Amino acid sequence: MSQIAVDIQNLGKVYSPQLGQSAKTALEGVTLQVTRGETFGLLGPNGAGKTTLQKILLGLVRPSSGEATVLGASPEDTRARARIGYLPENPYFYTYLTGREFVEFCGGLFGLSGRPLRDRATELLDRVGMAHAENTQLRKYSKGMLQRVGVAQALVNDPEVVFLDEPMSGLDPVGRRELRDIILDLKREGKTIFFNSHILSDVEALCDRVGILHSGKLVACGSVRDLTVGGASLEDVFVKAVGGARA
């Protein structure tokens, strides 16, 4: 079995021109590999192409050039998708459902049912600190509460690879700490984690390696130790790499 979980080779994405606008290059020549069991953090200012890259890896967007595989298969392969968990930056929720109903609905999409599904939902809602509100409709949840339920649904199928797009969004300091602990637990379980973020402290604390994306290009990649050799902080490295672009 290959030790490469995510393999990206010379990936490019150009969005077709819209009315009154020119074509937009979102990714250009990105080459990157993430090994199994690794926690990889992708940094970059808004518009750098982070979300586009993840959506290509999830089979939600097709690349214009290059290739990408996840767990050795095309991102469009349903067998590979069944082994992946995903939390988008702006997830959509069926707000008339309760927290438990939503997690169980997501589990049903992966073929879970009956007692195993109920037990899995109980375990995950407790894990993300939402057991107390499991029977409350999602429309009554705060943004941070919705984010926690979003993490629960991303784990419902016990995925081998977990993609998280700005997972700390909407969380207070306690919630961020709890989610960091969950990510560390997943890492100890041998999960591969690929997450986008602009919170440098979280990336520094969690990641085995870090990539910096700027204007669709991977401008730096390596361990935090390697990137900060010589005494520079990760913030210094990031600012230098993106040329002062706003995050």
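**Entry 1**

I started with strand β3 (residues 39-43), which pairs with strand β8 (residues 209-214) in the parallel sense over four bridges. For the record, I call two strands paired if DSSP finds at least two bridges between them, and my helices (H or I, at least four residues) and strands (E, at least two) are DSSP runs, numbered from the N terminus. This is a predicted model, so I kept local features to pLDDT of at least 70 and side-chain atom pairs to pLDDT 80 or more, while totals for chains, interfaces and linings use all residues. Residues are numbered from 1 along each chain as its sequence is written, and side-chain values use heavy atoms, with hydrogens and water left out.

Which residue of β8 does Leu43 face? I found Ile212 opposite Leu43. Moving on, β8 and strand β9 (residues 217-222) run antiparallel and share five bridges, with His214 opposite Lys217. The two strands make a hairpin with two residues between them, and Ser215 in that turn has a positive phi of about 55°.

**Entry 2**

I then traced the open sheet of six strands: the order is β5-β6-β7-β3-β8-β9, with mixed pairing. β5 (84-87) and β9 are at the edges with a single partner strand each, so one side of each has no neighbour in the sheet. Direction ignored, neighbouring strands are turned by 15° against each other on average. I also checked strand β6 (residues 161-165) against strand β7 (residues 192-197): they run parallel, joined by five bridges, and Val162 is opposite Ile193. Helix α1 packs on this sheet, touching β3, β5, β6, β7 and β8, and its direction makes about 150° with that of β7. Contact here means heavy atoms within 4.5 Å; axes are lines fitted to C-alpha atoms, for helices over the stretch in contact, and angles run from 0 to 180 degrees between N-to-C directions.

**Entry 3: the other sheet**

I looked next at an open sheet of three strands, ordered β2-β1-β4 and paired antiparallel. Its edge strands are β2 (24-35) and β4 (65-70), each pairing on one side only, and the twist averages 20° from one strand to the next. Strand β1 (residues 4-15) holds β2 over eight antiparallel bridges; there Asp7 has Gln33 as its bridge partner. Helix α1 (residues 50-57) turns up here too, lying across β1, β2 and β4 at about 120° to β1.

**Entry 4: cores**

Which residues touch the most other members of the largest nonpolar core? Leu43 and Val149 do, out of 46 residues. Helix α5 (residues 143-154) gives the most to this core, with five residues. Another core, of 25 residues, lies apart from it and includes Val6, Leu27, Ile56 and Val161. I take a core as buried Ala, Val, Leu, Ile, Met, Phe, Trp, Tyr and Cys residues joined through side-chain atoms within 4.5 Å, with buried meaning under 20% relative accessible area (1.4 Å probe, protein chains only). Back at Leu43, I listed its contacts beyond four places in sequence, among them Lys50, His198, Val210, Leu234 and Phe238.

**Entry 5: helix α3**

Last, I checked helix α3 (residues 99-109), where Gly99, Arg100, Phe102, Val103, Cys106 and Gly107 are buried. Down the axis of α3 these fall within an arc of 165°, so they line one face of the helix; the arc is that of the directions from the helix axis to the C-beta atoms. The buried residues of α3 pack against α4 (114-127) and α5. After α3 comes Gly111, with a positive phi near 90°.

Terms used. Buried < 20%, exposed > 50% of the residue type's maximum accessible area, 1.4 Å probe, protein only.
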